[in-house]
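Please open the model in your viewer and keep the sequence panel beside it.

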Amino acid sequence: MGNGGRSGLQQGKGNVDEVAATPTAASASCQYRCIECNQEAKELYRDYNHGVLKITICVSCQKSCQKPVDKYIEYDPVIILINAILCKAQAYRHILFNTQINIHGKLCIFCLLCEAYLRWWQLQDSNQNTAPDDLIRYAKEWDFYRMFAIAALEQTAYFIGIFTFLWVERPMTAKKKPNFILLLKALLLSSYGKLLLIPAVIWEHDYTPLCLKLIKVFVLTSNFQAIRVTLNINRKLSFLAVLSGLLLESIMVYFFQSMEWDVGSDCAIYKSQDF
C-alpha cells in the first residue's frame, strides 16, 4: 500500500487494538459515508494489528451495497484528483465526507485573486493612459482591489442564489435538514477550476476566449456534482440550483455594468459566458 493510501487511512481507521473491541454500529457515531451508496458508516477500515488492514464493507441496515465503504483510502492522491476532475461522485464523496480538508477559505481567496487578476489584466490591456507614473500606479492598484471586490460579490450572489433555491425546495431535497455549511465547503472546494484562469493568461493565444468558456463550464459542472453529492438529491434539482445561482450572479453583473463599476463588456471574463 503506497504512501498516499497510508495518509488516507489515517482518517477513518477502526480500533487499533483487538478486532473484537471494535465498537458496534449502535455505540459508534456514523461519521463517514459509503462512496457507492452514500449510506453512513462508522469506520472506513479495521486495523488487525501489525500493519494488517482491511477495508470495511458497506453493511448499512438501510441500503447495503456490499461494496468497500471507501476504496480511495488505498489510492494515491493523484488518482483521487484525476477522478475528481472527471467529476466522479465516488471521488467527491471521499473528499467531502471521508477526509479532513480545511483549505476552503484559502482556496476561495486564491481563486478570487486569480479571477481578479485576469479581469485587472484585461482592463490594463484595454486602457491607454497618459497620466504620470505615480497616478498610473495608484490607479492600477485600485483597479485590482476593485476587481477583487466585484469578483467576491458576484460569487457571493451565485452562492446565495443556490442556497435560496435549495431552501425553498428543502422538503424535496432531503428527509432531514440539509447541511448548508457542508454544502458551502463543497462549493468552495469544487470551484478549484478557477485556478486554471492564470495559465489561460500566461499561455495567451487566439483560443483564450474559448478556454475561459470551457473553464466556466468545468466550474459549473463541478459545482453541480458537489451539490448532488452533498445533499444526495437528483440531477434536476442540482441543475436548477446552479441555474438559480447563475441567474442571481447575472443580475449582479448587470447591476455593476449599469453602475459602470466593472471593466466593460469586452473585458469581464464571465459577462459573455453567462447562461
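What percentage of the 275 residues in the protein do buried residues make up? In this predicted model, buried residues make up 45% of the 275.

If you trace the elements from the N terminus on, they run α-β-β-β-β-α-α-α-α-α-α-α-α-α.

While the surface is shown, select Tyr75, Val78, Ile79, Ile82 and Leu86, which together make a nonpolar surface patch of about 440 Å². Within this selection, pick out Ile79, a residue of helix α2, which spans residues 77–85. Ile79 has a relative accessible area of 37%, so it is partly exposed, a term that covers values between 20% and 50%.

Now hide the surface and select residues 180–189, which form helix α7. Is this helix largely enclosed or largely open? Helix α7 is largely enclosed by the rest of the structure, because 7 of its 10 residues are buried. To see them, colour Phe180, Leu182, Leu183, Ala186, Leu187, Leu188 and Leu189, the buried residues of α7.

Finally, select Asn179, which caps the N-terminal end of α7, and find its side-chain oxygen that lies 3.3 Å from the backbone nitrogen of Ile181.

Key. Residues are numbered from 1 along each chain as its sequence is written. This is a predicted model: local features need pLDDT of at least 70, side-chain atom pairs count only at pLDDT 80 or more; totals for chains, interfaces and linings use all residues. Side-chain values use heavy atoms; hydrogens and water are left out. Buried means under 20% relative accessible area, exposed over 50%, partly exposed in between (1.4 Å probe, protein chains only). Helices (H or I, at least four residues) and strands (E, at least two) are DSSP runs, numbered from the N terminus. A polar contact is a pair of N or O atoms within 3.5 Å; within protein, one must be able to donate a hydrogen and the other to accept it, and residues adjacent in sequence count only if both atoms are side-chain atoms. Patches are made of residues with over 30% relative accessible area and no salt bridge: like charges are joined within 9 Å, nonpolar side chains (Val, Leu, Ile, Met, Phe, Trp, Tyr) within 5 Å. Accessible areas come from the Shrake-Rupley method with a 1.4 Å probe; for residues, only the protein chains shown count as cover. A salt bridge is a side-chain nitrogen of Lys or Arg within 4 Å of a carboxyl oxygen of Asp or Glu.
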